[in-house]
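Work through the exercises below with the sequence and the 3D structure at hand. Each task is followed by its solution in steps.

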Amino acid sequence: MRTMLRRGPALVIPTTMRAVVFRAPNEVAVDNMPTPQLEAGHALVRVRASMVCATDQKILAGKFPMTRFPHVPGHEFAGEIVLSETGDWPVGARVGVEVHVGCGTCDRCREGMYTLCLNYGKRETGHAHIGFTTPGGLAEYALVPVAALHVLPDAVSFEEGAWTDNLGVALWSLERGRLAGGEHVVLIGSGAIGLCATQLARALGAGRVTLVGRGERLKRAKDLADEVVDSAEAARLTGTADLVVEFAGTAEAARQAIAMARRGGRVVLGGSTGAGVELSGVDLSTIVRGNLDVLGSLANPKGVSSRGLALLAQKKVDVARLITHRFPLVVFEEAWRTFTERREGAIRVMLQP
Amino acid sequence: MQALVLTAPHQFEVADVTKPGPVRENEVLCRVKAIAICGTDAEIIEGTFQGRWPKAYPFIPGHEWSGEVLEAGKVACEFGFAPGTRVAGTSHSGCGYCRMCRTGRYNLCLNYGREELGHRQYGHYTQGAYAEYVIQTIKSVFRIPDGMPYDVAALCDTASIALGDVFVAVGSGGMGLLTAICAKTLGAARVIVVGGGKRLDRAQALGFETVDYHDGDAVATVRERTGGLGADVAVDSAGTKDSVRQSIQMVRKGGRVAFTGIPKEPATIDFQKIVLEEIDLYGVRANRNTMEEVIPLIADGRIPAAKLITHHFKLPQFGEALRTFNERVDGALKVIVEP
């Protein structure tokens, strides 16, 4: 056992911890494993709240070539620092995590676009994609580069803080789309990111927010937007929106997004982060003659998550209501099934390691 | 009709004048229901901008107004401004053809002042809205929802747009508080209003942090409250040589400063800071293309414009209304005049 003193009682860090382990593609377990050792430029975080994302399904299926098995997943989490080498990140600090850490040296990193780091996956350069190329937060402890940490405002709980990355992703998509106050914004996709973006669009002063989705999730989200439209009836929104933001990840959603923008409007596509979704069936003159801006939006560069947390602290966005289920880490399998089968309209499943 | 007529600097009367007309194809004749007194009105009445605003006397001022369409030209009708339409007015109406107008910047029309080419600025050099009736082009009137009261609609022109994390409004008048409200509506995490007197109480009541410039160094206070960094964005609506300088000193490295107040004398500013800290400065002349964005935000209450209205007067009591506004009687903020 290692111990470390801080103000208050001695902190005991066990030498082993429980963690969710993707042992091989499509093989998952909760295992005992050594607690990570502190490394330079990192802090050891006792994870207090950690969630499962649809991307974790892709990782487990072996669709991310940069992931090495066995792998500890988890990239939506918050906790408190228990070991640190610098006073800037003191033991006891409550932190949320954003997942992209760049090498800091390449051209993209120097532009603040570390989400596009040219040294992706090369851990020796300092790059980390937490929970993807490096171990993540579905564990009792996680070793996190300090560049990924955000101090949680006092008003933000650990469970809310687990949304640090999601809020950054949602906010970045709206900033990509240059949302101006009073505009009509359509959000496609009633999953976690879509619902964060829906609320943030209001927080940023959109005049009218329309949410397009389907099923149980859409019903749950009814009061988050000015109107909700089932995607089967999306055609009636054709040509109406100043800005359309897509977080559904299907070709159909992308087609709808392009069709919904008014002439001169903007379309932000954020859902299809994995390879293999092809867009067809779009009349290109819709984009050319409509003078549309069609923009891809990936993750959350430029520290945008810190501004997401500022809005969370101001209650401009409610993430607690998007947490539909809670489980202890040890029954991960049950949590996983609840999420992947969208049981009871599951949006986010919270694990308490 | 009854109208407020300026006859010389400091001189005005509420008089009977000829109803304006005829209505051109792209114009509407409106029954004015409410006008808000603007700081610029007070200056125009004072004669500060004599020769420009107005060019000559007699003159009817007034540009923050709302009302109902009574008569519409052929083109106006085709654009849907039929009699009975409820509208809010704004002051600038560009020629529509010059380079500035064609890039959407009609508030900077290159044919400013040339009425024969179609340019207008109502209540500044073109006859304005302190009257029972006013004629404006449909480029300068905007439909308002049925549920929006006329006195609130009269404030649409004033609500401008800005966005930031930590936002400082320098000036606690109607304009200053509206920029603060808009900043909050557009997602600013913190909003600080710098001003003085009773108007600052209203800022506090609206939920903003306040800094009274009578209580020492406002710049130091703002910097201290932002962890020594300064604010992300400042908007100066006071337009004095001190407020212009202070607004710049209040922002962080890489910060942005917008100026909506119209300064009457040159100001000395710290250009070294602008260079070394890459500060962006924006001049803002009235508004352009923002009325349609602001109207839904006022309609659904996210811009609580009604809270800025402190007094109502009838047009014949304009002298009393102006005194209330100029002397900030009872913390007067927006004073509404009803013809």
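This is a predicted model: local features need pLDDT of at least 70, side-chain atom pairs count only at pLDDT 80 or more; totals for chains, interfaces and linings use all residues.

Residues are numbered from 1 along each chain as its sequence is written, with chains lettered from A and ligands numbered from 1 in the order in which they are written.

**Exercise 1.** Find how α4(A) and α5(A) pack.

Solution. Step 1: take α4 (residues 164–176) and α5 (residues 192–203) of chain A; their axes lie 8 Å apart at an angle of about 55 degrees. Step 2: α4(A) is therefore oblique to α5(A) (under 35 degrees is roughly parallel, over 145 roughly antiparallel, 65 to 115 roughly perpendicular, the rest oblique). Step 3: sort the residues of this contact (C-beta atoms, placed from the backbone, within 7 Å), which gives 11 nonpolar, 2 polar and no charged. Among them are A:Leu167 and A:Leu171 of α4(A) and A:Cys196 of α5(A).

**Exercise 2.** Describe the crossing of α4(A) with α9(A).

Solution. Step 1: the axes of α4(A) and α9 (residues 304–313) of chain A come within 8 Å and cross at roughly 105 degrees. Step 2: that angle makes α4(A) roughly perpendicular to α9(A). Step 3: the residues that meet include A:Trp172 in α4(A) and A:Arg307 in α9(A). Step 4: by class, this contact has 6 nonpolar, 4 polar and 3 charged residues.

**Exercise 3.** Which residue counts make up the contact of chain A with chain B?

Solution. Step 1: chain A supplies 14 residues and chain B 12 residues. Step 2: on the side of chain A, α9(A) gives the most, with 3 residues.

Definitions and conventions:
Axes are lines fitted to C-alpha atoms, for helices over the stretch in contact, and angles run from 0 to 180 degrees between N-to-C directions. Helices (H or I, at least four residues) and strands (E, at least two) are DSSP runs, numbered from the N terminus. Two residues are in contact if their C-beta atoms, placed from the backbone, lie within 7 Å. Ala, Val, Leu, Ile, Met, Phe, Trp, Tyr, Cys and Pro count as nonpolar, Asp, Glu, Lys and Arg as charged, and the others, Gly among them, as polar.
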